[in-house]
Amino acid sequence: MSGTPKRIQKGVSVVFWMRMSDLRIKDNRALSRASEQAQKEGLPLLALFVISPQDYIAHDASDRKIDFVLRNLAVLKKAFSDLNIPFLSPFRLLGRQFLLTKGIQVNFVHDKWIVEPGCSSPSKIRLMKKWLATLNANIPYYLEDCPTPKANHESVRSTELFSHLFDTLVPTVLDEFELEGKDRDKMKDVWPEGEDIAAQILDRFLTTKSRSSQVGAVDPRSSGSEKCTKHNRISKYETDRDRTDSDTTSRLSAYLTSGVISARACVRATMFMLKTDKVNGDRTSGIGRWLQEIAWRDFYVNILAVFPRVSMGRPYLEKFSKVVWENHQVPGGSGVGQPGKDENEVEMLKRWKAGMTGVPIVDAAMRCLNEMGWIHNRVRMITAMYLAKDLMIDWRVGERYFMEKLIDGDLSSNNGGWQWCASTGVDSCPYFRIFNPYTQSLKADPTGDFIRHWIPELRKAKGSGSWYCSESFSKSHCLTTY
């Protein structure tokens with residue numbers, strides 16, 4: 001564009017358009033900027049969230065994730081109201097017409113990630129080094145603690161133009177994404193909504209020991225946690241992160257994916273723990289290893305932005321696009337937005353989805369996914385690789401099923417994880433690398449508590465996890481027991 005843009009005439013309000021990945025008021029860069037502009041112009045601030053079921057369907061968003069979003073929107077409605085800020089959640093697409101309407105100035109702000117696409121390396125091998133260097137070179141920008149929005153003057157509640165906006169309601173359910181009563185109640189217990197809840201979960205991860213009592217579908221803030229400065233969960237993360245038999249991970253993924261807490265806040269919290277003004281990326285420490293997981297979120301967003309074909313059912317490595325999967329192939333031409341229910345599913349695919357393959361660690365993971373809407377990252381890899389490389393079923397079938405079940409479903413991370421396991425992705429494992437589910441069981445569930453919890457048919461089995469970590473056990477016992 002050439003020339004100087006014309007000055008936009010002062011309007012009647014500043015509007016913050018909240019997206020599906022920034023459902024918070026604290027440390028929200030775009031909201032903070034909008035509030036600053038509103039104060040500068042002497043205008044009221046409005047907040048907007050557009051409910052778009054078509055987009056949710058197109059990206060295979062789960063019923064559980066949409067329920068989680070709606071619950072958080074209800075919390076935000078109250079929080080905005082306390083600041084005299086009207087919050088609307090209309091059922092319509094504003095589209096490009098809104099953005100191109102004359103007289104409206106539109107500003108876009110990066111806030112889904114810490115380091116925006118284009119600044120990180122397209123290689124996992126070089127990722128952490130470049131991500132850390134970029135971050136530490138400009139801490140005030142990348143880890144800015146954005147001010148909370150200032151309240152509108154209370155007179156906005158009595159103006160003809162804005163007063164009725166405070167009476168609008170956030171829907172409690174969408175017809176296309178309605179959860180059954182029991183499932184909805186369970187999701188509310190296991191994944192409670194709100195920024196304050198997310199902050200409490202982060203604090204638990206940073207300050208308390210892991211507990212085997214947290215294996216199942218339970219509130220991550222349940223009573224009985226033990227404070228500890230040396231052996232808390234983040235300190236032990238480097239050595240214990242793959243274990244599924246206790247709450248060794250943060251359980252923040254749902255809150256990060258929907259932006260209920262910012263990734264910046266997580267990184268700043270580790271800096272506060274270490275009393276340092278630089279980000280520690282030492283992979284041999286618990287904090288450094290956890291920060292690497294946060295960096296990978298940025299990495300996969302970067303891949304999706306630079307190579308958008310991966311969101312359309314295409315492999316990152318195009319040479320694998322012609323692979324014919326032996327037992328179940330995604331129909332030609334099918335892409336995002338197609339239903340995941342296929343009447344022609346092979347029997348083993350049905351068994352994999354139901355957690356009935358006869359391989360204990362795989363079945364426990366799938367039952368956990370089906371009931372809890374979440375599984376530990378280690379068993380996500382185990383079950384994904386088992387589907388693609390043992391059952392020889394198209395990885396895209398599993399990718400879609402995960403999205404349809406996960407409460408923390410993220411298009412970029414889920415796709416990146418599945419493509420890594422199928423050896424079609426960026427810096428993925430070689431095609432001949434195949435996880436042995438039995439030796440993986442010893443790493444992921446050495447006590448056997450995770451498997452016993454999710455497979456009631458095996459609860460009478462005593463002792464450590466070694467008894468189920470053999471193919472002979474599965475053949476002689478599991479396949480006849482369940």
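With which residues is L143 in contact, leaving aside its neighbours within four places in sequence? In this predicted model, the contacts of L143 beyond those neighbours are I114, L135, R264, V267, R268, M271 and V279. L143 itself is located in the loop that runs between α6 (139–142) and α7 (181–190). Its relative accessibility is 4%, and L143 therefore counts as buried, the limit being under 20%.

Helix α13 (residues 347–354) meets helix α14 (residues 360–372) at an angle of about 65 degrees, and their axes lie 7 Å apart. The two helices are therefore roughly perpendicular to each other. On the α13 side the contact is formed by W352, K353 and A354, and on the α14 side by V362, M366, R367 and N370. By class, four of these residues are nonpolar, one is polar and two are charged.

At least two lining residues are supplied by each of α5 (124–137), α10 (253–257), α12 (286–306), α15 (377–390), α17 (411–422) and α18 (437–444). Helix α12 provides the largest share, with eight residues. The lining of this pocket consists of 21 nonpolar, 12 polar and 16 charged residues.

How values were computed
Residues are numbered from 1 along each chain as its sequence is written. This is a predicted model: local features need pLDDT of at least 70, side-chain atom pairs count only at pLDDT 80 or more; totals for chains, interfaces and linings use all residues. Side-chain values use heavy atoms; hydrogens and water are left out. Axes are lines fitted to C-alpha atoms, for helices over the stretch in contact, and angles run from 0 to 180 degrees between N-to-C directions. Helices (H or I, at least four residues) and strands (E, at least two) are DSSP runs, numbered from the N terminus. Angles under 35 degrees count as roughly parallel, over 145 as roughly antiparallel, 65 to 115 as roughly perpendicular and the rest as oblique. Contact means heavy atoms within 4.5 Å. Ala, Val, Leu, Ile, Met, Phe, Trp, Tyr, Cys and Pro count as nonpolar, Asp, Glu, Lys and Arg as charged, and the others, Gly among them, as polar. Buried means under 20% relative accessible area, exposed over 50%, partly exposed in between (1.4 Å probe, protein chains only).
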